[in-house]
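Subject: Structure handover

Hello,

Here is the structure you asked about. My notes on what was found follow below it.

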Amino acid sequence: LMPGVQLSAAVIATDAPLLLFSALGLLAYVILLRGDGGRAAAALGAALGAAALSKYAAAYVLAGLLAHAAVSTPARRAWSPRHLLLAGVALAAVLG
């Protein structure tokens, strides 16, 4: 992601915010998988919401996270109903 961020820094386009918020979302996802829970889930939802506001291509990041959760047992265990609710509320609040 970093070469894309550096390239987009010189150009006024919606790609730079998309890459920034996608990277923050992926960081929050990794923190969630390590077991740090609620704040990471809320940060993931907020970051994905901000990425979606910058460009609808953020749906590809969401699709990748869902695909990972589908094939990874530890990822499925990390997502409790509380975490899903926190991520969904944060996503809705940003998009709202």
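Start with Ser22, whose side chain reaches the backbone oxygen of Leu18 at 2.7 Å. Please keep in mind that this is a predicted model. Ser22 is found in helix H2, which covers residues 15-33. Is Ser22 buried or exposed? Its relative accessibility is 5%, and the cut-off for buried is under 20%, so Ser22 counts as buried. If neighbours within four places in sequence are left aside, Ser22 is in contact with Ala51 and Val61.

A polar atom of the Ser54 side chain lies 3.4 Å from the backbone nitrogen of Leu18. To sum up the two serines, the side chain of Ser22 reaches the backbone oxygen of Leu18, while the side chain of Ser54 has a polar atom 3.4 Å from the backbone nitrogen of Leu18. Ser54 has its place in helix H3, residues 38-54. Ser54 has a relative accessible area of 17%, which is under 20%, so this residue is buried too. Not counting residues up to four places away in sequence, Ser54 touches Thr14, Pro17 and Leu18.

In soluble globular proteins, nonpolar side chains tend to be buried together. In this model, the largest nonpolar core has 12 residues in all, among them Tyr29, Leu44, Leu65, Trp79 and Ala87. Helices H2, H3 and H4 (58-71) each supply at least two residues of this core. Which helix gives the largest share of the core? That is H3, with 4 residues.

Ala87, one of the core residues, is in contact with Ala41, Gly45 and Trp79, leaving aside its neighbours within four places in sequence. Ala41 and Trp79 also belong to the core.

The last item is the largest pocket. Rolling a probe the size of a water molecule over the atoms shows where empty space is left. The largest pocket has a volume of about 230 Å³. It is lined by 13 residues, and the closest to its centre are Leu62, Leu66, Trp79, Leu84 and Ala87. Trp79 and Ala87 are therefore in both lists, being part of the largest nonpolar core and of the pocket lining. Helices H3, H4 and H6 (81-95) each supply at least two residues of the lining. How many of the lining residues are nonpolar, polar and charged? The lining divides into 11 nonpolar residues, 2 polar ones and no charged ones.

Regards

Definitions and conventions. Residues are numbered from 1 along each chain as its sequence is written. This is a predicted model: local features need pLDDT of at least 70, side-chain atom pairs count only at pLDDT 80 or more; totals for chains, interfaces and linings use all residues. Side-chain values use heavy atoms; hydrogens and water are left out. Buried means under 20% relative accessible area, exposed over 50%, partly exposed in between (1.4 Å probe, protein chains only). A polar contact is a pair of N or O atoms within 3.5 Å; within protein, one must be able to donate a hydrogen and the other to accept it, and residues adjacent in sequence count only if both atoms are side-chain atoms. Contact means heavy atoms within 4.5 Å. A nonpolar core is a set of buried Ala, Val, Leu, Ile, Met, Phe, Trp, Tyr and Cys residues joined through side-chain atoms within 4.5 Å. On a 1 Å grid over the protein atoms alone, a cavity is a set of points where a 1.4 Å probe fits but cannot get out, and a pocket is an open set with protein on both sides within 12 Å along at least five of seven lines; lining residues have an atom within 4 Å of a point. Grid points are joined across faces, edges and corners, and a volume is the space filled by probe spheres set on the points. Ala, Val, Leu, Ile, Met, Phe, Trp, Tyr, Cys and Pro count as nonpolar, Asp, Glu, Lys and Arg as charged, and the others, Gly among them, as polar.
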